[in-house]
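Welcome! Please take a look at the structure below, and then let us walk through some of its helices and strands together.

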Amino acid sequence: MTTADRADTVRPTACRSAGTPRPLPLPVAVGMAVAAGLALLVAFPPYGWWPLAPVGVALLAAATHRRRLRAGAGLGFLTGLALFAPLLSWTNLHTGYLPWVLLSLLQAGYLALLGLGTAWVSPLADRYPAGWPALTGVLWVGQEALRDRTPFGGFPWGRLAFGQDGSPLLGLAAVGGAPLVTFAVATAGGLLVTGVWWTQRARRAAGARWWTPAAGCAAALVLLVGGGLLVPVSTTATGDTVTVAIVQGNVPRLGLDFNAQRQAVLNNHVNATIALAGEVAAGTRARPDLVVWPENSSDIDPLRNPSANIRISEAADAIGVPILVGAVLTGPEQGQVRNAGLLWRPGSGPDLEQLYVKRHPVPFAEYVPLRRIARMVSDQVDRVRADFVAGTEPGVVRTPAAVLGDVICFEVAYDGLVRDTVVGGAQVLVVQTNNATFDVAEARQQLAMVRLRAVEHGRPALMASTVGVSGFVSPDGRVSDATGFNTQAVVVRELRLTEGRTLATRVGVLPEVVLAGLSVAALVGAALVRRRWGGRAG
């Protein structure tokens, strides 16, 4: 062992027997930390290799085990960079490199905290190796709980749960939502590292049955992954159906200047809806009960602009059913705007009683917090000329055909915003989004979140995008009629409504509170073990 490795070792007095595992050589740990980030990356769409998520968790856990705290933080930061820089690369397509770099660094900082925490609890994992997998799981949930909320409301992109849309673990969302799925993925990674690490230790011990820990961890891993397939469906079909049309009107060109194409974008959605009405009249398409347009389908305020009002009314009157319009509305005060889902009825126009205003505008994209300070970093913040005002009510939109649970764009990543709509009576989950400033990878990552929400709440769901990907999701997470990217498309599908609430809907934030609380308890417990046995960071 080199001098650097000795200095990087946690040295508990009572745990320095020959069988005690030592940290990996630092160059090896660095390589594993980077590999961990890349393994986590390819678990997410558009790659979708979900089994590699536990592998990534295991690599980071092994790299940080028994390291000094600053080394653990540094290794976690490397994992975060390897994960978030490519995962969030769609943020630099039209805004330049600075927002992408700053966001990637910020998100990597949370994995640095995770790496530090993993190093801190190493004596606890050494003393109680059977608990190492669960310890890994709760630390990941605690990290995500913090990252999902801070700063400025947090940024939940890249949660472990959102990379499991094709995994058997997805079924666990119906029990405990995204936090439980994350816990299961991270625990699976903990089982991998525990099996390998402690099997090696057993092989070094004379007469030990080295295969015992390997067999135990493998059996636990099979039970854990298979458990998602055994989750019972707690919602039931009502027998009622609703036929929904998604209109993906597309934009003349991708990029931030889609805003300058407002009339063309609106016309695209109007004309596509009128064309759908012609197909319905000709008998070549099923008549929908409802039409859904995406976010930003009318960036011209139709409540103030007579021309926009007339055009949307033409579409609604032609198809003969209500349209959920994604509109940008001015006000309520000078210099303010609102991102809204507005129900537009044939014959009567906008129904202001069925209006949802986005509750979580995106900081530095839809509003600029600390604008004066932010401008010192980059004058690009002035692209956001008017701050979007947050709504206060859940997105429960009541239509003649069904009650919709509407969230807009990135809001699908926030557990509480989606759950509030179901508690409010939503029968169909709707995500209105605009991906014209991003790429197909971002759109598919967002669709994966919709799949998790459908399973979590036992509701049919859909995503309507300006440019794609749009599509329908059944309550078991299956995707139907997914559209291409950067193309115009209209898809119509009959959805079977469900009733009742899943366990995840009923318990809400409780699983996350319990698991995050256990992560805090683990940190405190590690402190007690260190104090009792004389352990300290080297």
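Contact here means heavy atoms within 4.5 Å. Helices (H or I, at least four residues) and strands (E, at least two) are DSSP runs, numbered from the N terminus. This is a predicted model, where local features need pLDDT of at least 70 and side-chain atom pairs count only at pLDDT 80 or more, while totals for chains, interfaces and linings use all residues. Residues are numbered from 1 along each chain as its sequence is written, and side-chain values use heavy atoms, with hydrogens and water left out.

How confident is the predictor? The pLDDT (its confidence in each residue, from 0 to 100) averages 90 for the protein, and 90% of the residues score at least 70. Over residues 1-19, however, the pLDDT is below 50.

Now to two helix pairs. Axes are lines fitted to C-alpha atoms, for helices over the stretch in contact, and angles run from 0 to 180 degrees between N-to-C directions.

| Helix pair | Angle | Axis distance |
|---|---|---|
| Helix 3 (residues 52-64) and helix 5 (residues 97-120) | about 55° | 8 Å apart |
| Helix 2 (residues 26-43) and helix 4 (residues 69-87) | roughly 30° | within 8 Å |

Angles under 35 degrees count as roughly parallel, over 145 as roughly antiparallel, 65 to 115 as roughly perpendicular and the rest as oblique. Helix 2 is therefore roughly parallel to helix 4, and helix 3 is oblique to helix 5.

In helix 3, Leu60, Ala61 and Thr64 meet Leu114, Gly115, Thr118 and Ala119 of helix 5. This contact of helix 3 with helix 5 has four nonpolar, three polar and no charged residues (Ala, Val, Leu, Ile, Met, Phe, Trp, Tyr, Cys and Pro count as nonpolar, Asp, Glu, Lys and Arg as charged, and the others, Gly among them, as polar). Between helix 2 and helix 4, the residues that meet include Ala29 and Val30 in helix 2 and Leu75 and Leu78 in helix 4. That contact of helix 2 with helix 4 has 14 nonpolar, two polar and no charged residues.

Further along comes a sheet. Two strands pair if DSSP finds at least two bridges between them. Six strands form an open sheet in the order 7-8-9-10-11-12, with mixed pairing. At its edges are strand 7 (396-398) and strand 12 (479-480), each pairing on one side only. Strand 11 (residues 471-473) pairs with strand 12 in the antiparallel sense over two bridges, and Phe472 stands opposite Ser480 in strand 12.

Helix 13 (residues 415-423) packs on the sheet, touching strand 7, strand 8 (403-408) and strand 9 (428-433). Helix 14 (residues 440-457) also packs there, and its direction makes about 155° with that of strand 10 (461-465).

How values were computed
pLDDT = per-residue confidence, 0-100.
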